[in-house]
Amino acid sequence: MPDNAIPAASARRQDSRAQALPILVVCAALYGISLAAGYHINAVVLTILSMIILCLLRIPVAIALISAAMLGALHAGMPMTDAIGAFNDNLLVGAQVGLTYVMIGAFAVALSRSGLLELLADAISSRLGSHEEGTRRGVKWTLFGLFIVASLMSQNLVPVHIAFIPILIPPLLGVLDRLKVDRRAVACILACSISASYLLLPTGFGAIFLNEILLANVNSVGAAHGLTATADMAPKAMALPVLGLVAGLLVAVFISYRRPRDYATPDASVAITRPTAPSRLKPLQLIITLAALAVALVFQLSFDSLLIGAMVGFLILTLGGIFRWQEQDDVFTDGLRMMAQIAVIITIASGFAGVLTATGEIDALVSASAALIGGNMAVGAAVMLIVGLFITIGFGDSFASVPILAPIYLPLALTLGFDPLAAIALLGASAALGDAGSPASTITLGATAGLNADGQHDHIRDSVIPTFLHCNLGMLVFAWVAAMVL
């Protein structure tokens with residue numbers, strides 16, 4: 001981090017500490033008043049609110065998750081030993097996912113050794129030698145287009161999920177700074193594009209979400225209610241909610257974060273360089289890199305395993321000479337270092353979700369929402385979406401939210417008179433809301449990992465809050481419209 005950025009960062013930390021005590025005192029007082037009045041706050045609501053408040057107070061996300069989970073469990077009447085047991089029992093699932101992300105990170109670092117990204121950053125930076133405003137605007141929109149295409153491909157054609165962000169973004173930070181691009185706009189571009197890809201396109205991660213999770217749960221729960229969904233119904237149901245993501249992206253780029261923003265390193269042409277990358281990309285290296293991507297995709301689809309696909313791709317790049325055999329450990333360690341924080345938070349988030357489930361109050365929250373709805377379809381759609389948003393913020397994963405919401409949401413939607421497509425749209429959007437914008441989401445964590453490479457992009461204020469506002473509010477409105485018109 002540049003020297004002149006250190007005092008500003010220190011001042012922000014001191015401001016946060018100064019604000020923390022009064023906020024915590026107010027929250028504790030409100031909680032005490034509710035207990036004294038005999039009002040029981042739903043444990044899920046209390047847990048998620050606590051996690052959000054702690055994150056906003058700049059408590060590390062991992063500590064915020066654990067602290068909020070224990071507080072919610074104790075509030076629900078669980079003994080501490082049971083709360084810890086529920087937390088630990090669910091860590092294994094998160095650890096498995098975390099290991100996959102570590103391998104994906106190693107594969108992404110290995111791909112970066114081909115030199116493609118460095119050459120791209122140099123080519124874009126060289127175009128900034130002209131002072132013509134039109135040229136600078138052209139570079140800016142080229143970069144935005146690159147981020148959108150990379151985000152879409154990362155969920156389908158090259159299924160590395162968010163691992164491409166810490167590889168692609170850091171070499172371009174200097175270029176973005178020279179263009180005075182607000183990094184919050186880039187965070188929204190990444191989050192909206194990644195979410196739109198897996199919510200609409202039924203390949204790669206989209207095939208997992210739409211077919212293996214959403215449709216599977218719809219058919220499993222809907223069988224008792226005469227509802228049978230086919231593979232073509234899920235993309236149709238999610239089309240309008242995805243348009244909400246597109247609208248949010250456009251608002252972020254053209255309105256919210258349109259103004260230039262100065263960072264501490266505006267004159268650096270490349271923020272982070274990789275001296276081990278070749279200065280010229282040879283044809284054979286290009287062929288091997290493309291072959292590794294293709295074979296990794298084939299293995300991922302054949303064995304339904306990102307872990308196996310990334311591992312095979314890594315081995316092909318190793319055997320193909322993209323980097324020296326002796327550098328395997330260094331490349332893997334770089335991938336581990338890049339994805340370590342994300343993998344740890346994913347693991348902890350699984351324990352957090354396990355505690356939420358163990359409280360037994362998710363059903364009570366949804367049932368209370370159903371009682372509030374009555375028979376009003378418009379109110380019902382709005383309440384279901386908002387509750388889904390709240391639950392997924394806590395889980396940080398739309399894939400995990402579908403099985404929790406489906407047993408209650410589908411019967412409720414059908415009882416209210418929603419058509420099957422509308423019911424699928426409500427379930428899918430309710431689970432997806434909050435994925436982009438949760439402190440524990442891989443999407444926001446990935447955006448921060450890339451944009452904060454020089455220490456000038458705060459996870460909560462610059463990734464979580466902007467993506468929450470622009471990804472979720474747009475999708476909330478369009479999903480409500482989808483439920484009413486489908």
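Visitor: Where in the structure is the place of Glu212?

Guide: Glu212 sits in helix 11, which covers residues 205–222. A helix here is a DSSP run of H or I with at least four residues, numbered from the N terminus. Please keep in mind that this is a predicted model, in which local features need pLDDT of at least 70 and side-chain atom pairs count only at pLDDT 80 or more, while totals for chains, interfaces and linings use all residues. Residues are numbered from 1 along each chain as its sequence is written, and side-chain values use heavy atoms, with hydrogens and water left out.

Visitor: How do you know whether Glu212 counts as buried, partly exposed or exposed?

Guide: Its class follows from relative accessible area: buried means under 20%, exposed means over 50%, and partly exposed is in between (1.4 Å probe, protein chains only). Glu212 has 44% relative accessibility, so it counts as partly exposed. The C-alpha atoms of Glu212 and Phe399 are separated by 9.9 Å, although the two residues are 187 apart along the chain.

Visitor: And what class does Met384 fall into?

Guide: Met384, in helix 17 (residues 377–395), has a relative accessible area of 1% and is therefore buried. From Met384 to Ala429 there are 45 residues in sequence and 9.7 Å in space, C-alpha to C-alpha.

Visitor: How do you know what span is expected for helix 3?

Guide: The expected span is 1.5 Å times one less than the number of residues. Helix 3, residues 61–75, has 15 residues and reaches 21 Å from its first C-alpha to its last, close to the 21 Å expected. Among its buried residues are Val61, Ala64, Leu65, Ala68 and Ala69. In general, an α-helix has 3.6 residues a turn, so residues three or four places apart point the same way. Just after helix 3, Gly77 takes a positive phi of about 90°.

Visitor: What makes the contact between Asp177 and Arg183 a salt bridge?

Guide: The definition asks for a side-chain nitrogen of Lys or Arg within 4 Å of a carboxyl oxygen of Asp or Glu. Asp177 and Arg183 meet at 3.1 Å, N to O, so the pair passes that cut-off. Arg183 also forms a salt bridge with Asp454, the closest N and O atoms being 2.8 Å apart. Asp454 lies in the loop between helix 20 (442–451) and helix 21, and Arg183 in helix 10, so this pair ties together parts that are 271 residues apart in sequence. Arg183, at 0% relative accessibility, counts as buried, and so does Asp454 at 12%.

Visitor: Which side chain meets Asp232 in a salt bridge?

Guide: That is Lys236, at 3.4 Å, N to O. Asp232 is partly exposed at 40% relative accessibility, whereas Lys236 is exposed at 51%. The search of the whole structure finds seven salt bridges, and a network of them links Asp182, Arg184, Arg261 and Asp462.

Visitor: What makes the nonpolar surface patch?

Guide: Patch residues have over 30% relative accessible area and no salt bridge; nonpolar side chains (Val, Leu, Ile, Met, Phe, Trp, Tyr) are joined within 5 Å, and like charges within 9 Å. Areas come from the Shrake-Rupley method with a 1.4 Å probe, with only the protein chains shown as cover for residues. Trp141, Leu243, Val246, Leu250, Val251, Phe254 and Ile255 make a patch of about 630 Å². Helix 12 (residues 233–256) gives the largest share, six residues. Leu250, in helix 12, has 41% relative accessibility, so it is over the 30% cut-off.

Visitor: How many cavities of 30 Å³ or more does a search of the whole structure find?

Guide: Two. A cavity is a set of points, on a 1 Å grid over the protein atoms alone, where a 1.4 Å probe fits but cannot get out; lining residues have an atom within 4 Å of a point. Points are joined across faces, edges and corners, and volume is the space filled by probe spheres set on them. The second largest cavity has about 30 Å³, with Ser195, Tyr198, Cys471 and Met475 among its lining residues. Helix 10 (183–200) and helix 21 (459–485) each supply at least two residues of that lining.

Technical notes. 1 Å grid on protein atoms, 1.4 Å probe; cavity = no way out; pocket = protein on both sides within 12 Å on 5 of 7 lines; lining within 4 Å.
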